[in-house]
Amino acid sequence: MSVNSDFFFISIKSIYPNFMRPSKLDEEIWEEVLDGYSVDDILLAIKAYRKNEELNIAPTPAKIKKYIFSRKPREVLGGLPMSAELYLMDLDRKAGREVHYFHTYTKGIDYVLDVKLRTLVEPDEFNKLDYSAKYKLAVDNGLFADFDVVLAKIKEGRIK
C-alpha cells in the first residue's frame, strides 16, 4: 500500500460512497498507475475525471490514466516528452492557437495512437505495442502533424 493509493482510495470514497476498497491484486495495479505522481497530480486527475465523465461511477485504473499527468516535465524514449498532452497544449499556447481542455488532447492522442497508427502497423504487431512504443512510432511517422485537425474534429463531435 502506498501513500498515493491510500490518498486516492480515501478521495474516491468521499465522492463515491459505494466505492469498495479493491482486492490486493487491484491495489497493486492502482499503485502502478499512480506511481511517480504527486498527491496534487492525483487530486487534479480525480477532479478532471469527475468533471468529464457522465456516469456517476468511480474510475477504473484504465479510465484514470487518461486524466492523470505530472506537472513536472519528464522525458522518455530518447527525448520525447512524457506527457504528449502537456507538450501539445504548450505548443498551441506558444503558437497563439486555441488551447483546448486537457481531456480533449487526451482524446486526440488516443485517436492518433489507436486509429491512425493502426493503419500503418499490421494487426498482430499493433496488439503487441505498449503505449510508449505506439507514441514513438506515431511521432516517427509524423502522425501528429495534423493534430489541430484532430482536435477540431473532437470539438465538433466527429471524433468521440
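**Exercise 1.** Which residues of α6 and α9 meet?

*Solution.* Step 1: contact means heavy atoms within 4.5 Å. Step 2: on the α6 side, the residues that meet α9 are Thr104, Tyr105, Lys107, Gly108, Ile109, Tyr111 and Val112. Step 3: on the α9 side they are Phe147, Val150, Leu151 and Ile154. Step 4: sorted by class, this contact has eight nonpolar, two polar and one charged residues. Here Ala, Val, Leu, Ile, Met, Phe, Trp, Tyr, Cys and Pro count as nonpolar, Asp, Glu, Lys and Arg as charged, and the others, Gly among them, as polar.

The model is predicted: local features need pLDDT of at least 70, side-chain atom pairs count only at pLDDT 80 or more, and totals for chains, interfaces and linings use all residues. Residues are numbered from 1 along each chain as its sequence is written, and side-chain values use heavy atoms, with hydrogens and water left out.

**Exercise 2.** Describe how α6 packs against α8.

*Solution.* Step 1: two packed helices are described by the angle between their axes and the distance between the axes. Axes are lines fitted to C-alpha atoms, for helices over the stretch in contact, and angles run from 0 to 180 degrees between N-to-C directions. Step 2: for α6 and helix α8 (residues 131-140), the angle is about 90° and the axes are 10 Å apart. Step 3: α6 is therefore roughly perpendicular to α8 (65 to 115 degrees; under 35 is roughly parallel, over 145 roughly antiparallel, the rest oblique). Step 4: Ile109, Val112, Leu113 and Asp114 in α6 meet Tyr131, Lys134, Tyr135 and Ala138 in α8.

**Exercise 3.** At what angle do α1 and α3 pack, and which residues meet?

*Solution.* Step 1: helix α1 (residues 3-15) and helix α3 (residues 39-52) pack at about 30°, with axes 10 Å apart. Step 2: the two helices are therefore roughly parallel to each other. Step 3: Asn4, Phe7, Phe8, Ser11, Ile12 and Ile15 in α1 meet Val39, Ile42, Leu43, Ile46 and Arg50 in α3. Step 4: the residues of this contact divide into eight nonpolar, two polar and one charged.

**Exercise 4.** Is Ser83 buried or exposed?

*Solution.* Step 1: Ser83 sits in the loop between β2 (80-81) and α5 (84-95). Step 2: its relative accessibility is 14%, so Ser83 counts as buried (under 20% relative accessible area; exposed is over 50%, partly exposed in between, with a 1.4 Å probe and protein chains only). Step 3: leaving aside neighbours within four places in sequence, Ser83 is in contact with Phe69 and Phe102. Step 4: a polar atom of the Ser83 side chain lies 3.2 Å from the backbone nitrogen of Leu86.

Note on methods
Helix = DSSP H or I, 4+ residues; strand = E, 2+ residues; numbered from the N terminus. Polar contact = N/O pair within 3.5 Å; in protein donor to acceptor, adjacent residues only side chain to side chain.
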